[in-house]
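Welcome! The report below is a guided walk through some of its features.

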Amino acid sequence: MVKQQLVAPQAVNFACDRFRSLFPALTEEPGFIFFDNGAGAQIPQGVFDAINGHLLHRNVQRGGRYARSMEVDATIARARESVAALINARDCDEIAFGMNATSFLRLLSLAIGRTLETRNEIVVTDLDHEANIATWLQLEREGARIVWWNMREDNNLHVEDLAPLLTSKTRLVACTVASHALGSIVDVAVVAKLAHAVGAEVVLDCVHYAPHALIDVQAFECDYLVCSGYKVFGPHMGFMWGRLELLNVLQTFREDFIPDAPPSKIEAGTFIYENVAGMAAAITYLETLGAGHGGEEENTAPVSRRASLVRAMTSIREYEATLSFEMLEALQAAGAIIYGVDDTARLAERVPTFCFTLPNIAPELVTETMSDRGIGIRDGHMYAPRLMKRLGASLDTGVNRASLVHYNTVQEIHEFGKVLGDIVRGR
Ligand SMILES: Cc1ncc(COP(=O)(O)O)c(C=O)c1O
């Protein structure tokens, strides 16, 4: 995954304006530059229509014998098929819907915590979002021993450092696919190979990676994966994937009348069906992007939904490398301290999410000035206090983060660079 060859930035041809025009929040305020996508992306009109349509016409409980209720069942079933296509799941029953990624990680840790015996070691990283750390640390009460896979001085996780941490006692490795703070990508297929070699399982946090590149649970060879809809052009909801044979034996909470089979055993209670309908529409948007972005094959219909999604995410990834290139140039020109991969020759190792500080200028001041000039970025600890400590940043002030997705443009980056320069010069 990390080794994917990217096209030279200047050679990329991406119909950004066409896709951008589908997002009302971007077109209604064309002067505003939205670089806070890591906290949640905007939604295309089709997602709103799907949520709206569900609430207006199908706002009933599923599982009834009347038409509207059966339509809800059908909506959920179709959404499972859509997510299965997005992540390359073998079976729709491997996908569960719910509130968010954090609650799925907690569900997993509670279930896995019940099975800790002599194999009780859990590997976590200091690069991850706290959601994928704190829940595992809780298991110390159940006898877990936490093993830290730490970043090196270059602020990257190196898979070579993982191997010596793994033993016959390792129960699982919990790590991110891409850092929500630094933008760096972890070679999770190698993580899974190493973990499986000692009989351990792998839980992946795919929240930040999802809008940027192709998810493939089969190629990742992971065991569980969590994701949030609102980071991938959908509404606030989450989904989880697990390997079917593992889900079958996972000890989750469920009432007696709920079948002890996935996905029911993972989906406690009622979830937000309209947001599930919205998530399916977000995937339809990506398929449309893929279908309209086939390069030489532009007008040929892709053979499958997955093929459209592969095309979409490949073209997004290539285009976003251009954005990363331009962002690095802008940040470097302003003398910013960039945390994480800062070499334009290593764009394949990152997504366009940038954690930075300006020397001797408070992150808060940078964010406020950017806001005054019509640019939305973020400052703070990025819900990663341990990472902040490693970066030498104070928890109170934190760092700045600019996080871009495929509807952002090079022109926006140039404007961002101009404002950054003004801040440095004190104007
Ligand atoms: C990498 C990462 N993991 C987990 C989360 C938590 O996701 P959720 O809000 O869906 O619980 C976030 C949210 O920002 C995130 O960026």
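## A sheet of four strands

In what order do the 4 strands of the open sheet stand? Reading across, the order is S9-S10-S13-S12, and the pairing is antiparallel. At the edges you will find strand S9, residues 337-339, and strand S12, residues 378-380, and each of these pairs on one side only. From one strand to the next, the twist averages 35°. Keep in mind as you explore that this is a predicted model.

Now look at two partners inside this sheet. Strand S10 (residues 353-357) and strand S13 (residues 399-403) run antiparallel and are joined by 4 bridges.

## A sheet of seven strands

There is another open sheet to find, formed by 7 strands in the order S2-S8-S7-S6-S5-S3-S4. Here the pairing is mixed. Why is one side of strand S2 and of strand S4 left without a neighbour in the sheet? Strand S2 (95-98) and strand S4 (145-149) stand at the edges and have a single partner strand each, so one side of each has no neighbour there. In this sheet the twist averages 20° from one strand to the next.

For a closer look, pick out strand S7 (residues 224-228) and strand S8 (residues 238-242), which pair in the antiparallel sense over 5 bridges. Within this pair, Cys227 stands opposite Phe239 in S8.

## Around the ligand

Next, find the ligand. Which residues are around it? They are Asn100, Ala101, Thr102, His129, His180, Asp205, Val207, Ser228, Tyr230 and Lys231.

Thr102 has a polar side-chain atom 2.5 Å from an oxygen atom of the ligand, and Lys231 has one that lies 2.4 Å from a ligand oxygen atom. In the side chain of Asp205, an N or O atom is 2.5 Å from a nitrogen atom of the ligand. How much of the ligand's accessible area does the protein cover? On its own the ligand has 390 Å² of accessible area, and the protein covers 90% of it.

## Details in the loops

The loops are worth a visit too. Between helix H10 (244-249) and helix H11 (273-291) there is a loop that holds Pro263. Is the peptide bond from Pro262 to Pro263 cis or trans? This bond is cis, with omega near 5°.

Finally, look for two asparagines. Asn88 has a phi near 65°, a positive value in a residue other than glycine, and sits in the loop between helix H4 (67-87) and S2. Asn155 is not a glycine either, yet has a positive phi of about 65°. You can find Asn155 in the loop between S4 and helix H7 (159-162).

Note on methods. Residues numbered from 1 in each chain as written. Predicted model: local features only at pLDDT ≥ 70, side-chain atom pairs only at ≥ 80, totals over all residues. Heavy atoms only, no water. Near = heavy atom within 4 Å. Polar contact = N/O pair within 3.5 Å; in protein donor to acceptor, adjacent residues only side chain to side chain. Areas by Shrake-Rupley, 256 points an atom, 1.4 Å probe, with all protein chains shown as cover. Pairing = 2+ DSSP bridges. Axes fitted to C-alpha atoms, helices over the stretch in contact; angles between N-to-C directions.
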